[in-house]
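Subject: Structure handover

Hi,

Here is the structure I said I would pass on.

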Amino acid sequence: MSVVDIPQLTYGGNALDMEQVGLLRRSDDALHDRDELHRRMREDGYLFLPGLLDRNQVIEARRELCDRLFKAGMLDYAHPAMECVAAPQAQIDAAATRPFMPQLARDNAPLAKVIYDGAMMQFYEFFLDGPVRHFDYTWFRAKQPGTHTATTPHYDFVYMGRGTPDLYTAWTPFSDVPFAMGGLMMLEKSHEHEELVQGYGQTDVDLYCENEGDAGEVVAAAQAAGRELTGEERQQIRWNSTGAYSSDAVATRQQWGGRWLLEEYQMGDVLVFCMHIMHASSDNQTEYIRLSSDSRYQLANEPADDRWIGDDPPAHGIRAKRGMVC
């Protein structure tokens, strides 16, 4: 596969500059060389590991995921569920078209076997050279066709930076993902931009300005009552970060340079990356729903971000909010 074989990709309906799109470097040749894996992580900010996982186990997890989507009415009944053809949008509740669907990962034993057992854990124990733990919360996406579900450019640190900085994400596709389906893209060398890393890259999406208006009292009252903020209350509060760096992958690349790097992923592949590399996805231009998980791993003896730990983790809910003086 070469760059010239990649079809025209879009983000939010706008064309990506295909002269500034490239392929990820493979690292399956270095799986048994810890020093080389670390060197490439420092150099690239990611490790692309084709075929790391048992493809048959990934397919079994996909079967469970597709069955849940089928029962939820999100798939076209004219096709087998395993094809994961999206139902006509008119038949789907608007809330169900959102690509972020963590509920698909809950109580899902075949999925847990893929991402929290076997080859995945063996890789991280080798890479990190010690006993490893994963976050208890699993991020999952069922990315619908169209121009409204592309992942916005962001660093992961903004969402999970309260524990060890030596935390890594595994992006795992549960679909074979041709370029047109909108797989994950890494912005080349974006982990080396010191201004970006020390600015946007040090923010926390759950911090708010407690010294402005009555923001501190509003949040404290909600936390004491064990309830989430209302929409009106959220509008009264200024947050330290909205999370995403930008809503435009085209403009982000133009600002920071480098190429968007991606691949035609297969079930069994894993893309591992650090907390400070910009990543996004392009539009899904197919008729299929793209399935993928994001899971996080670290050494077990290092501090973990408590927003993502336990049977009922705070996530980005009211229990996770912290005030700061702005």
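The largest pocket has a volume of about 670 Å³. A pocket here is an open set of points on a 1 Å grid over the protein atoms alone, where a 1.4 Å probe fits, with protein on both sides within 12 Å along at least five of seven lines; lining residues have an atom within 4 Å of a point. Points are joined across faces, edges and corners, and the volume is the space filled by probe spheres set on them.

This is a predicted model: local features need pLDDT of at least 70 and side-chain atom pairs pLDDT 80 or more, while totals for chains, interfaces and linings use all residues. Numbering runs from 1 along each chain as its sequence is written, and side-chain values use heavy atoms, without hydrogens or water.

Back to the largest pocket. Its lining has 32 residues, with Phe100, Trp139, Arg141, Tyr159 and His316 nearest the centre. E13 gives the most, three residues. By class, the lining holds 15 nonpolar, nine polar and eight charged residues. Nonpolar covers Ala, Val, Leu, Ile, Met, Phe, Trp, Tyr, Cys and Pro; charged covers Asp, Glu, Lys and Arg; the others, Gly among them, are polar.

The second largest pocket has a volume of about 490 Å³. Of its 23 lining residues, Arg106, Asp136, Tyr137, Asp311 and Pro313 lie nearest the centre. Helix H3 (residues 109-115) gives the most, with three.

Now the cores. The largest nonpolar core has 89 residues; Tyr124, Phe174, Leu271 and Leu291 touch the most other members. Such a core joins buried Ala, Val, Leu, Ile, Met, Phe, Trp, Tyr and Cys residues through side-chain atoms within 4.5 Å. Helix H4 (residues 118-128) gives this core its largest share, six residues. A second, separate core of nine residues includes Tyr208, Ala215, Leu229 and Ile318.

Last, serine 175. It sits in the loop between strand E7 (168-173) and strand E8 (184-187). Serine 175 is buried, at 2% relative accessible area; buried means under 20%, with a 1.4 Å probe and protein chains only. Its side chain reaches the backbone nitrogen of leucine 291 at 3.0 Å, within the 3.5 Å limit for a polar contact between N or O atoms, one able to donate a hydrogen and the other to accept it.

Best wishes

How values were computed. Helix = DSSP H or I, 4+ residues; strand = E, 2+ residues; numbered from the N terminus. Buried < 20%, exposed > 50% of the residue type's maximum accessible area, 1.4 Å probe, protein only.
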